[in-house]
Amino acid sequence: MDDVVKSLFERPPLKAPAPKSGTPTTKVPTAATAAVQKPTREEAEAAVRTLLRWAGDDPSREGLLATPQRVVKAYEEFFAGYNKDAGEVLDRVFEEVQGYDDLVLVRDIPFSSHCEHHMVPFVGKAHIAYYPSEHGVVGLSKLARLVDVFARRLQTQEALTAQIVDAIERHLQPRGCAVMIEAEHMCMSMRGVLKQGSTTVTNQFTGIFRDDPAEQVRFLTLVRDK
Ligand SMILES: [Zn+2]
C-alpha cells in the first residue's frame, strides 16, 4: 500500500473535526483586511535597490538599472491573489448535471506560490475532489483558478490547503471535499538544509472523505492512478 495511504490509517488527524460547512474556519489575509498602508511604486522600487545593495551589487550599474521596476511588476503578478476573491471565482454553480452525484476530481493543477517565511517560491501541484450536493457543481477550470486565488499570496503550504478546502466548503457546500498539495519548497532546496527534490505533501478532508477512510483511499488512488 502506498505510504501516504498507510499513514492515514496509522496516524489519524490530531485535529478536532472541522466545524459544519458555512462556518468560516480559516482566516484569509487580504489586502483589505491587512491593516497596512500600501507603499507607492517608487517606494517599492527603492526597497528593491536596497536589497540589491544588501546582496552586494550596485543598483546603478547598467544591467540592474531597470531591475527594480521589473521586480515590482513581477510582484504584482506573484501576489495578484490579494485582489481576488474565492467567492467570485466560485459564484457560478451549475445545478443541471443529469443526476451525476459521484466524485469530481481535478488533479495535477500546477501552481507556484511564495513561502511567507522567506518569500521564495514553492512550486507544485494541487489535487481537488468533492462530492457535489444538490447545490450543484462548478466549472472545472474554476477549481484551477481557485488555487491561484490563494497561491498568489504569501503562504504556508498548510494554510494554502486549508484555505482551498474552506472556500469549497463555503461556496459549494459539498457532501465532502478532499485536497492534496504536493510541492517543493525553494527555501529547503536553495538555502537552509539544501535538500533538492524533496516534496512536502499536505492533505485535508471534510464530510464523506473525513468520515470514511475508504473514501480517502479512493481519492488517493485516483490521484496516483495515471
Ligand atoms: Zn520558507
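## The sheet

Two strands count as paired if DSSP finds at least two bridges between them. In this predicted model, strand E3 (residues 121-131) and strand E6 (residues 176-185) pair in the antiparallel sense, over 10 bridges. Within this pairing, Tyr130 stands opposite Cys177 of E6.

E3 and E6 belong to an open sheet of 5 strands. The order is E5-E2-E3-E6-E7, and the pairing is mixed. Strand E5 (154-155) and strand E7 (200-206) stand at the edges. Each has a single partner strand, so one side of each is left without a neighbour in the sheet. In general, strands of a sheet pair through backbone hydrogen bonds, either parallel or antiparallel.

## Helices across the sheet

Helix H6 (residues 157-172) lies across strand E2 (104-115), E3, E5, E6 and E7. H6 runs at about 155° to E6.

Helix H9 (residues 213-224) lies across E2, E3, E6 and E7. Its angle to E6 is about 45°.

## The nonpolar core

The largest nonpolar core has 35 residues. Which of them touch the most other members? They are Leu146, Ile164, Ala178 and Val179. Several elements give two or more residues to this core: helix H4 (86-89), E3, helix H5 (140-151), H6, E6, helix H8 (207-211) and H9. H6 supplies the largest share, 7 residues.

Ala178 touches Ala129, Phe205, Phe209 and Phe219, leaving aside residues up to four places away in sequence. In soluble globular proteins, nonpolar side chains tend to be buried together.

How values were computed
Residues numbered from 1 in each chain as written. Predicted model: local features only at pLDDT ≥ 70, side-chain atom pairs only at ≥ 80, totals over all residues. Helix = DSSP H or I, 4+ residues; strand = E, 2+ residues; numbered from the N terminus. Contact = placed C-beta atoms within 7 Å. Axes fitted to C-alpha atoms, helices over the stretch in contact; angles between N-to-C directions. Core = buried A, V, L, I, M, F, W, Y, C linked by C-beta atoms within 7 Å. Buried ≥ 20, exposed ≤ 12 C-beta atoms within 10 Å, placed from the backbone.
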